[in-house]
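Colleague: I have just opened this structure and would like to learn how to read it. Could you take me through it feature by feature?

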Amino acid sequence: MNIDFSKSGGLVPVVIQDEQTLEVLMLGYMNEEAYQKTEEEGRVTFFSRTKSRLWTKGEESGNFLWVKNISIDCDNDTLLIKVNPVGPTCHTGSRSCFKTEYNQNFIFELANIINDRYKNPVEGSYVNKLHMKGLNKIAQKVGEEGVETVIAALNETETDFINEASDLVFHLLVLLKEKNISLETIAKNLEQRHK
């Protein structure tokens with residue numbers, strides 16, 4: 001990667017994005033040494049402008065940003081790093097340093113929660129109860145929720161419709177997991193069909 005560190009006094013801006021949800025988590029800066037350390041260790045290290053030293057995100061909190069992908073912009077002077085964040089990214093305890101109204105990509109986060117329930121069952125978890133009942137029961141629930149969504153759309157309040165549509169999406173996510181199909185696969189398929 002041919003990064004131009006010369007344009008801004010040896011620093012390039014780095015946009016940090018959650019690899020799963022695509023939510024922008026923070027903005028930082030790297031010099032060449034910080035970039036090399038990030039490449040070597042697989043976790044994001046910045047150059048702290050206030051401390052005038054290298055700073056690995058999470059070095060005190062344990063909330064590391066594990067690198068999944070690094071891209072450079074067309075001018076070779078800005079990086080986009082997609083990460084798997086451990087815990088909240090912001091020092092305030094928020095998932096993102098940007099005060100977004102809501103987590104715009106919560107559906108991806110919910111899919112991750114469902115995946116985690118499959119890998120690490122939690123006693124009393126509704127996802128685990130469905131998983132134990134198997135594919136037929138999960139598919140049946142998707143059908144039931146689909147019918148309830150249609151009924152709510154035609155005959156009930158907007159709130160009822162929103163609740164039923166939410167139930168439908170949730171159960172569809174569980175069915176996707178049961179079939180080992182990722183939400184990303186569905187998104188890519190929809191994108192290809194759109195062309």
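**Reading the pockets and the fold**

Modeller: Let us begin with the lining of the largest pocket, whose residues divide into twelve nonpolar, ten polar and ten charged. Please keep in mind throughout that this is a predicted model.

Colleague: How should I think about finding a pocket, and what volume does the largest pocket have?

Modeller: Rolling a probe the size of a water molecule over the atoms shows where empty space is left. In this structure the largest pocket has a volume of about 630 Å³, and the elements that give two or more residues to its lining are β6 (79–85), α2 (106–119), α5 (158–178) and α6 (183–194).

Colleague: Which element gives the most to that lining, and which residues lie nearest the centre of the pocket?

Modeller: The element that gives the most is α2, with nine residues. The lining of the largest pocket holds 32 residues, and those nearest its centre are Q20, F108, E109, N112 and I113.

Colleague: What can be said about the second largest pocket, and how many residues line it?

Modeller: The second largest pocket holds about 210 Å³ of space. Its lining is made of 13 residues, with W55, K57, G58, T89 and H91 nearest the centre, and these lining residues divide into four nonpolar, five polar and four charged.

Colleague: Turning to the strands, what is the general idea, and how do β1 and β2 run, parallel or antiparallel?

Modeller: In a regular strand the side chains alternate between the two faces of the sheet. Here β1 (residues 12–18) and β2 (residues 24–30) run antiparallel and are joined by six bridges, and Q17 has V24 in β2 as its bridge partner. The hairpin of these two strands has five residues between them, and L22 there takes a positive phi near 70°.

Colleague: How many helices and strands does the chain have, and in what pattern do they follow one another?

Modeller: The chain has six helices and six strands, and along the sequence they follow the pattern β-β-α-β-β-β-β-α-α-α-α-α.

Colleague: Finally, what is the radius of gyration of the chain beside that of a compact globule?

Modeller: The chain has a radius of gyration of 21 Å, whereas a compact globule of 195 residues would have one near 16 Å. The C-alpha atoms fill a box of roughly 60 × 40 × 30 Å along the principal axes, and 32% of the 195 residues count as buried. Among contacts with a separation of 6 or more, 48% are between residues 24 or more positions apart.

Methods:
Residues numbered from 1 in each chain as written. Predicted model: local features only at pLDDT ≥ 70, side-chain atom pairs only at ≥ 80, totals over all residues. Heavy atoms only, no water. 1 Å grid on protein atoms, 1.4 Å probe; cavity = no way out; pocket = protein on both sides within 12 Å on 5 of 7 lines; lining within 4 Å. Points joined across faces, edges and corners; volume = space filled by probe spheres on them. Helix = DSSP H or I, 4+ residues; strand = E, 2+ residues; numbered from the N terminus. Nonpolar A, V, L, I, M, F, W, Y, C, P; charged D, E, K, R; others polar. Pairing = 2+ DSSP bridges. Rg over C-alpha atoms; globule rule 2.2 N^0.38 Å. Buried < 20%, exposed > 50% of the residue type's maximum accessible area, 1.4 Å probe, protein only. Contact = heavy atoms within 4.5 Å.
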